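Okay, thanks for making time, everyone.

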Amino acid sequence: MEQEQQLMRMEGTIEHLIYENKDTGYVVFEVNAGGELHVVTGVLGEVNVGESVTLYGHFENHPTHGPQFKATSCEASMPQDEAATLAYLSSGALPYIGPATAKKLVETFGADSLEVIANQPEKLTILRGITSDKAMAISNEFRRMFGVREAVAYLGRFGISPVRAVEVYRHLGPNTVEAIRQNPYLLCGEPLRLKFAQVDAIAAEMNLAQDGSLRLWAGILYVLRHNGGNGHTCLPRPQLLTTTAKFLKIGEDAIDRELDAAIAEGEVARYICEGREYLYLPDLLRAEQDIAARLWELTRYPATQPRDLEANIRALERAQGFAYAPEQRKAIETALCSNVMVLTGGPGTGKTTTVNAILALFQNQADRVALCAPTGRAAKRLSELTGQKAQTIHRLLEVDYDPQIHLLRFIHNEKNLLKCDVVVLDEMSMVDAKLFQSLLAALKHGCRIIMVGDADQLPSVGPGNILSEVIRSGVVPTVCLTRIFRQQHQSMIVENAHRIVHGLVPQRGDRNSDFFFLQASGLACQQLVCDLVATRLPKSYGLDPIRDIQVLCPTKIGPVGTAALNQRLQAMLNPPSPDKPQLEMAGQVFRLGDKVMQVRNNYLIPYERDGGEAGVGAFNGDLGVILGVDPGERALLVQMDDRKLVYTAENIPELEIAYAVTVHKSQGSEFAAVVIPVSDLPEKLCYRNLLYTGVTRAKRLCILAGRPDTVARMTENIRQNLRYSCLADLLRNGAKL
Ligand SMILES: Nc1ncnc2c1ncn2[C@@H]1O[C@H](COP(=O)(O)OP(=O)(O)OP(=O)(O)O)[C@@H](O)[C@H]1O
């Protein structure tokens, strides 16, 4: 509706600032437009009393505040005359200038006052009380404010929102507009990441050449970053050239030349592995080099050898009533006798049993053992299985997040090391290169690390294929558990998971097993999934449809994607009712009782644990249930495990209805029952470790609903397992030194 209304233009001077939210850029102020006062609202960035503004928007009638001008954009210029200058300076917008100093300033410099502040601050010292330090502080703040306004107005012309423009300003500083004029492609780099097409439009307006160095370098870096988003830490030279040429619609030869220049300037890093050239974003090569160097060092550092190991293992065996398999024994001995190791194996192969033995034996050897995992749910599961405290890697390292520039740092790092002597890191397959680099950097000299994971799971969301590469390198002691213990208890889930890993189509199972396949496709498959979750499984197995059953989809779209299934499941499991308040936001309806998932990391959102402990942070993949809805305040109260979080309008878009979630988002979690729709999938989503990860999320029951040919295609296809990385080679080279 809003877009259909014709935009109105309003010019005036800001008289009074009523409300301002510096984080979101939302402001409410009064404008004097030709003698008439109007209240203006909008996300316009920083504004100040006395500024002359040109606003675009429309009038609307607010239920309590009456008529207001809702502005969609605001161009501001310096206060034009003495009166506006005085109003601006008296508003307290600049440090050390109150109404009395403002008056004296305007009396002395007249309408040139702001010009003096901006460009000749030393002149201000003729006023009593203004030292040269103060004069500089005033000048700097003034230039900052107008730099922001200038950036907002300039970028606004290209459709960039004020909030994004303020972020750009924070990153580029007072000369933002000048910097963008020199190289608009700065905007699509880190950390701003504007769309390349958007920046191309700015460059086109400046008549920059399509085949100029700025654009080609930016294109090369963009392709490397984009592939980082797909998990690759690097690309072989031919792939990088072809992809960039296609993306920029420029010949490969020109890109080849610019790539060499970018390498010479250190904008792109390269590594030669087995005669092939791999190109990296410099920070990703540094991450892999750091990881390789630290792991290699750990393999060389002498480990304290435990006494009475054999006797202690036997004592454990006696206590639990079974003997460890030879592989498990080897893993236990390796963990106790070396500084670093990988423990890997599929479901039911006894990893947890082995970890518990290792922990029991370390009790006598090491003072502090830290247990961690990459996600909250994986950490919770680790804690349940070991009976010991386990936390996320982020929590262990303690996050120090700067929301102004979206910068994530850790409090524990190479300068402030963790105190622990041993780190047990579970679900290692989900750990990406940067996070692992940070963890290793924070370990004190001689701290041992035991990495536990299943290399056949989906790899990390972020760039890197750490677990597979570390295993592939052969440098780090690795024990792979292969004997399946749980099969003894007739688990077809486990058996089929192992079949999938070996490229064999899973067995269909029947109603008496914990795994079965039901054939259906398209809308019939959607109906089948909904029936299973809402009626059939709760009736036959006594499962709670919201708490116990999770639908895991390979895709978001189509009849069996998360979007369509969530809509139907929400209507069936938690239909609207007069006693269930709800609110609509970001294209979704959130209703009391709904199951929801946090879909990105938020390091600021506050929570309170059931015991009363307070903290901050909700992480990608955290699941919860809506406990309260306040439609007036546009707020939700969400219970996530033992934490209660208040979501305001600002954070609600980070939540998604979660009766059905993607397999990717389910990594590291387990559910009593899992239903996986596998019908009519696009080719690119038919791959083995997606199916494997989905199936291995099920504890008691796993149902595949879909088409046998889709399941067969998924089982066969291992293409997606390929991730470019040179970590294995870096590790081997380190070992050769
Ligand atoms: N040496 C052994 N002898 C007999 N039973 C064992 C042995 N090791 C493990 N088990 C049993 O096998 C089952 C699976 O073991 P465990 O939970 O340790 O495997 P896991 O690899 O951690 O599985 P998942 O990854 O699926 O959680 C458990 O019931 C465990 O008690």
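Let's start with a quick one: does Lys249 count as buried or exposed? Keep in mind that this is a predicted model. Lys249 counts as exposed, because it has 9 C-beta neighbours inside 10 Å and the cut-off for exposed is 12 or fewer. You'll find Lys249 in the loop between α9 and α10. What I like here is the backbone: Lys249 has a positive phi of about 55°, and it isn't a glycine. For context, most residues other than glycine have a negative phi.

There's another one like that. Glu398 isn't a glycine either, and its phi is positive, about 65°. Glu398 sits in the loop between α16 (393-397) and β12 (399-402). With 14 C-beta neighbours inside 10 Å, Glu398 counts as partly exposed.

Buried residues in α8 include Trp217, Ile220, Tyr222, Val223 and Leu224. And what do the buried residues of α8 pack against? Their partners are the helices α7 (196-205), α9 (237-248), α10 (252-264) and α11 (282-300), plus the strands β6 (234-236) and β8 (276-280).

Among the buried residues of α4 are Ala135, Ile138, Phe142 and Phe146. Arg149 and Glu150 are on the buried list too. As a reminder, an α-helix has 3.6 residues a turn, so residues three or four places apart point the same way. The buried residues of α4 pack against β5 (66-77), α3 (113-119), α5 (162-172) and α6 (176-182).

Now a helix pair. The axes of α13 (residues 326-337) and α14 (residues 351-365) come within 10 Å and cross at roughly 35°. The crossing of α13 past α14 is right-handed. On the α13 side, the contact is made by Gln328, Ala331, Ile332, Ala335 and Leu336. On the α14 side, you've got Thr353, Thr354, Ala357, Ile358, Leu361 and Gln365. By class, that contact has seven nonpolar residues, four polar and no charged.

Helix α14 comes up again at the ligand. Which element gives the most to the shell around the ligand? That's α14, with three residues. In total, 14 residues surround the ligand, and the closest are Pro347, Gly350, Thr352, Thr353 and Phe485. The shell has five nonpolar, seven polar and two charged residues.

Last stop, Ile493, which is in helix α19 (residues 492-501). Ile493 is buried, with 24 other C-beta atoms within 10 Å. The C-alpha atoms of Ile493 and Leu701 are separated by 7.5 Å, although these two are 208 residues apart along the chain. Leaving aside neighbours within four places in sequence, Ile493 is in contact with Asp514, Phe515, Val695, Ala698 and Cys702.

That's my tour, so over to you for questions.

Technical notes. Residues are numbered from 1 along each chain as its sequence is written. This is a predicted model: local features need pLDDT of at least 70, side-chain atom pairs count only at pLDDT 80 or more; totals for chains, interfaces and linings use all residues. Axes are lines fitted to C-alpha atoms, for helices over the stretch in contact, and angles run from 0 to 180 degrees between N-to-C directions. Helices (H or I, at least four residues) and strands (E, at least two) are DSSP runs, numbered from the N terminus. A crossing is left-handed if the near helix is turned anticlockwise from the far one by less than a right angle, and right-handed if clockwise. Two residues are in contact if their C-beta atoms, placed from the backbone, lie within 7 Å. Ala, Val, Leu, Ile, Met, Phe, Trp, Tyr, Cys and Pro count as nonpolar, Asp, Glu, Lys and Arg as charged, and the others, Gly among them, as polar. A residue is near a molecule or strand if its C-beta atom, placed from the backbone, lies within 6 Å of it. A residue is buried if 20 or more other C-beta atoms lie within 10 Å of its own, exposed if 12 or fewer, and partly exposed in between; C-beta atoms are placed from the backbone.
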